[in-house]
Amino acid sequence: MNINIVVVGSIKEKFFKDAIDEYSKRLSRYARLNIIELKDEKTPANASLLEEEKIKEIEAERILSKLSNSYVVALAIDGKKYSSEDFSKRMEKYDILSKGNLAFVIGGSLGLHKTVLERADERLSFSEMTFPHQLMRVILLEQIYRAYRIRNNEPYHK
């Protein structure tokens, strides 16, 4: 399966880069992983709601241009929550639903524009809490890796 992780913003911190590299390497046994980093727009301090909406719209255009014929899972706070075991089963379903092209989308600091959420085939949430996109990338990769381990009956930390 081809898994694209489409993200707004880049990683600057070495410890996040190291974790992402480690999980990317581990996942290479199971899938072709591609992380697509898109430029984030700078949000001025005290930005109005209209300015924030415009920023999300610009970022959405960049995101949508990378989704093509993928089955799209947007990470959103209002998305469906799964246990690790259930997410593993869902990943099996993604094999069929995605026809081999799966894309997870992580928005920038302001979240995802409604056009991205509307394009998404489903929404996924790992918590009702808000996480920085850098950390969310690591969490997503770890859960995808864990899902493959579970589904292949390989040992994993419970």
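Guide: Let's start with helices and strands: they are DSSP runs, helices being H or I with at least four residues and strands E with at least two, numbered from the N terminus. Here, F131 sits in the loop between β5 and α5. T130 is found in the loop between β5 (122-124) and α5 as well. This is a predicted model, where local features need pLDDT of at least 70, side-chain atom pairs count only at pLDDT 80 or more, and totals for chains, interfaces and linings use all residues. Residues are numbered from 1 along each chain as its sequence is written, and side-chain values use heavy atoms, with hydrogens and water left out.

Visitor: Is T130 buried or exposed?

Guide: Buried means under 20% relative accessible area, exposed over 50%, and partly exposed in between, using a 1.4 Å probe and protein chains only. T130 has a relative accessible area of 71%, so it is exposed. F131 comes out at 31%, so it is partly exposed.

Visitor: And what does F131 touch, not counting residues up to four places away in sequence?

Guide: Contact means heavy atoms within 4.5 Å. By that test, and with residues up to four places away in sequence not counted, F131 touches M136 and I139.

Visitor: Where is H133 found?

Guide: H133 belongs to helix α5, residues 133-151. It counts as buried because its relative accessibility is 14%. Leaving out residues up to four places away in sequence, H133 touches V8, G9, S10, I106 and G107.

Visitor: Which backbone oxygen does the side chain of H133 reach?

Guide: A polar contact is a pair of N or O atoms within 3.5 Å; within protein, one must be able to donate a hydrogen and the other to accept it, and residues adjacent in sequence count only if both atoms are side-chain atoms. In this model, the H133 side chain reaches the backbone oxygen of V8 at 3.4 Å.

Visitor: How do I read strand pairing?

Guide: Two strands pair if DSSP finds at least two bridges between them. Take β3 (residues 71-80), with seven of its ten residues buried. It pairs with β4 (residues 101-106) in the parallel sense over four bridges, and Y71 has L102 of β4 as its bridge partner. β3 and β5 also pair in the parallel sense over four bridges; there, V73 stands opposite E122 of β5.
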